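Hello,

Here is the structure I said I would pass on. My notes follow below it.

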Amino acid sequence: AAWRLGAMLGGGSGGLKPSPPEHRGRWAWLYGLACGIAGAASVAVLDHTWLKQYTAEAFVAVALALLLARVERAWSWPTLAAYAAAGAAGFLVSNTAPLVSAAGLGGLWLVTLAARRWSRLPALAATTVVLGLADLVVYQALANNGGNPALRGYWRLRYLSLDDGVGAAAHLVWRRLAAELGSLGWGPWWLALALIGVGLVALWRAGLPALALAAAAVAAELVVLGFAGAYPFLERRTAIFYAALLTVTAAAGLATLARLGLEHRATAPLAVAGLVVAGVLLVPGWARAGRGDIPGEDVKAQVADVLARNRPGDPVLVTFAATFSFAYYWPDRPTFVPTTVPTAVGFMPTFPGRPELVLVHQPRSARAMVEGLDRALRLGRGRALVVTGSPDELRALRRRAEGVRFVARPGRATVAVASGTAALHLALRAVGVMDARARGLVVQAVLPAKALVGA
């Protein structure tokens with residue numbers, strides 16, 4: 001979508017000055033390449049550890065921008081219908097689709113009214129009403145059901161407030177905006193802002209004024225929703241959709257500056273050198289930002305390892321961050337029940353009739369993980385497999401589970417073994433004979449850990 005949008009921009013009269021008609025389209029490859037690379041890299045740069053619904057939001061935002069550009073290039077009922085259909089369907093997978101589609105419609109209204117194109121008003125009004133009603137139905141039926149006190153409390157500090165005065169609120173808005181611009185992968189905030197500004201001018205000069213206005217209107221929507229306590233303001237994850245739009249716009253700005261230089265022989269070498277320097281500075285940074293572990297990315301491999309190594313009835317501990325992924329990949333169908341702890345998700349997976357599957361439902365609770373491990377080890381007479389959703393959970397278990405040895409290998413479930421006196425302690429607790437005399441025997445007993453690992 002980003003590639004097509006860039007190619008469309010380069011195929012028009014985009015740039016800080018209009019191109020002759022015979023030259024239009026010759027720079028489509030440059031805009032397409034710049035915007036395509038930026039769009040592909042944006043999610044990895046912005047927050048590679050949360051590639052779930054936020055990826056869909058970034059895609060929907062850029063796709064709606066492309067469809068909006070097509071409406072401006074070829075105004076017709078079919079292009080408007082495609083835009084409205086994409087906006088309504090996008091809301092099913094992207095909470096931010098209404099923000100982008102509403103901003104696009106607002107841009108179309110402003111441009112149409114300013115140009116006094118009265119013949120377009122009926123089609124635009126019909127599109128606005130249909131898309132608005134569709135979004136309202138989806139919101140009432142699906143999106144509005146996800147709110148709960150835990151979720152509102154989680155996001156409370158990411159909203160905007162006037163409690164400390166207008167000046168403090170304005171300072172907070174600017175601080176978060178500068179931080180967002182600085183995280184786009186285009187260098188410091190002022191450089192990113194300059195490239196975005198050039199990109200917006202290029203969009204306007206390319207005959208896409210509604211798209212340029214929409215990109216700015218989304219920022220205004222986020223400010224209003226932030227003060228209303230309805231949407232977190234420029235939080236790293238929930239703003240990925242807008243950051244993707246800004247990244248593609250900045251890429252269009254960079255392509256425009258390169259185009260201006262390449263159009264003249266005297267400045268062409270300087271433009272080429274600038275592109276090389278930009279590539280040397282930006283691409284490695286994008287690659288570095290995209291590296292790292294994604295929480296839960298190897299749960300599927302861990303589940304496969306458990307199925308290959310475990311015997312029926314052998315205990316498995318599943319930490320909180322892995323519970324939903326485990327339920328998805330485990331061959332037995334889970335039963336979802338209301339959650340017993342205050343979490344943002346109001347349900348949790350369980351496996352009735354499978355006591356050997358010990359799922360931890362308390363988030364970020366080392367105590368809950370240790371208690372679950374204790375139960376699993378007692379069921380397994382000192383041995384259990386552990387499926388974790390993040391390295392932090394395994395580190396917490398290592399610190400808190402005294403007398404337990406963990407054997408971890410990449411892509412495999414972790415083997416937990418209660419060694420020495422801890423193993424006999426667990427075994428005695430399992431058969432219910434943990435009395436004073438048994439405690440005395442524990443001091444003299446040492447069980448072979450190697451045998452437990454190989455069991």
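Five strands form an open sheet with mixed pairing, in the order β4-β1-β5-β7-β6. Strands here are DSSP E runs of at least two residues, helices are H or I runs of at least four, and both are numbered from the N terminus; two strands pair if DSSP finds at least two bridges between them. The edges are β4 (357-359) and β6 (404-407), each with a single partner strand, so one side of each has no neighbour in the sheet. On average, neighbouring strands of the sheet are turned by 25 degrees against each other, direction ignored.

This is a predicted model: local features need pLDDT of at least 70 and side-chain atom pairs pLDDT 80 or more, while totals for chains, interfaces and linings use all residues. Residues are numbered from 1 along each chain as its sequence is written, and side-chain values use heavy atoms, leaving out hydrogens and water.

β6 pairs with β7 (residues 414-418) in the antiparallel sense over four bridges. R405 has V417 in β7 as its bridge partner.

Two helices pack on the sheet. Helix α16 (residues 391-400) touches β1, β5, β6 and β7, and its direction makes about 150 degrees with that of β6. Helix α15 (residues 366-379) lies across β1 (316-318), β4, β5 (383-387), β6 and β7, at about 140 degrees to β5. Contact means heavy atoms within 4.5 Å; axes are lines fitted to C-alpha atoms, for helices over the stretch in contact, with angles from 0 to 180 degrees between N-to-C directions.

Elsewhere, W174 lies in helix α8 (residues 166-182).

Regards
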